[in-house]
Amino acid sequence: MRILILGVSAIALSGCSWLGLGSNNNYKSYNHNANYGNYNYQPKATSGCNSGKCLSRWNLEAALGPTINVGGKAITGDRTNAGTIADINNVSFKQAYKPGVRGEIGGSYALSPNRKLTGNVHYEQAKSEGALNWGTVGAQNLTGALSDYKSYGAEVGLRQYFAPRRGPLIGNIRPYVEGKLGATHLDDINIEGARLGGTAFSATDVPFYRSGWVGSAAGLVGVETPIARHATIALESGIRYTQGPRSANGLEGTPLAGTNNGGSRTSIPVMLRGRYRF
């Protein structure tokens, strides 16, 4: 899966440039000062731009949308060393967590009419699905929930735009691809309400994964359309990979030792992105 993500990101970062889409060849057909759905709007000349074809370099951006878990193990039952004492299930992130929500705020800098450097800070949260069936320990059923998945961090990326085209419903649209790399801080994840054979397994929450910084990568595709003189809105999706956190201490020597050796997560974001050009 890491190879897939890095491959998608590499395509987004560099794959379009050999097609000639990253050059200024499309400058005449698109200007970043697009006006109310018309990508060919030409602003008045200024003292610093005598040609009248000024490129708006700096952009403010914000995005919000759901994230859908599609890969990664939250509980690694196949990595336990408990022998015949326990039979622990593998539990995926999709089973352990509901679809999450992600918010971003940041900016971008236009290197050319077709290419932008991007950067953002983000916050993401996914609610727990509640009590899970962990399997059996000593022939008794073990259940418990994982605490909510919470993270924040920052990403940088490179966005490549394609030539504008006519949309089916909303006039001009502009497709793009983007690759991102970042660092994400994951909060602690604990086992909550663990019960063995109907009896409380622990009087307190059991530490499962430790908080800390991990790497992340994403490959995205989207379409953008102007909604005002200096503003556009975009719908984008793709795939994002986030590394797993460190295993928490305390499970060594118990039947649950090794169940917290996963934690890497693959998700599909569906984001509505707004951009304002200065």
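User: Hey, leaving aside neighbours within four places in sequence, what is Arg 79 in contact with?
Analyst: Arg 79 is in contact with Ala 257, Gly 258 and Asn 261, where contact means heavy atoms within 4.5 Å. This is a predicted model in which local features need pLDDT of at least 70 and side-chain atom pairs count only at pLDDT 80 or more, while totals for chains, interfaces and linings use all residues. Residues are numbered from 1 along each chain as its sequence is written, and side-chain values use heavy atoms, with hydrogens and water left out.

User: Which backbone oxygen does the Arg 79 side chain reach?
Analyst: That of Asn 261, at 2.7 Å.

User: And where does Arg 79 sit?
Analyst: Arg 79 is in the loop between strand S2 (73-75) and strand S3 (86-88). Strands here are DSSP runs of E with at least two residues, numbered from the N terminus.

User: How far apart are Arg 79 and Asn 260?
Analyst: They are 181 residues apart in sequence, with 8.6 Å between their C-alpha atoms.

User: Switching to salt bridges, how many are there?
Analyst: The count is 16. A salt bridge here is a side-chain nitrogen of Lys or Arg within 4 Å of a carboxyl oxygen of Asp or Glu.

User: Which residue does Arg 273 pair with?
Analyst: Glu 61, with the closest N and O atoms 3.6 Å apart.

User: Is Arg 273 buried or exposed?
Analyst: Buried, at 5% relative accessible area. Glu 61 is buried as well, at 4%. The cut-offs are under 20% relative accessible area for buried, over 50% for exposed and partly exposed in between, using a 1.4 Å probe and protein chains only.

User: What about Lys 180 and Glu 104?
Analyst: Their side chains form a salt bridge at 3.5 Å, N to O. Lys 180 is in strand S11 (residues 172-186) and Glu 104 in strand S5 (residues 100-112), 76 residues apart. Both Lys 180 and Glu 104 are buried.

User: And which residue does Asp 148 bridge to?
Analyst: Lys 127, with 3.6 Å between the closest N and O atoms. Asp 148 is in the loop between strand S8 (140-146) and strand S9 (149-161), and Lys 127 is in the loop between strand S6 (115-126) and strand S7 (132-137). Asp 148 is partly exposed at 23% relative accessibility, and Lys 127 is partly exposed at 46%.

User: Last one: which residues are linked in a network of salt bridges?
Analyst: Among them are Glu 61, Arg 273, Glu 104, Lys 180, Arg 102 and Glu 178.

Definitions and conventions: Helix = DSSP H or I, 4+ residues; strand = E, 2+ residues; numbered from the N terminus. Polar contact = N/O pair within 3.5 Å; in protein donor to acceptor, adjacent residues only side chain to side chain.
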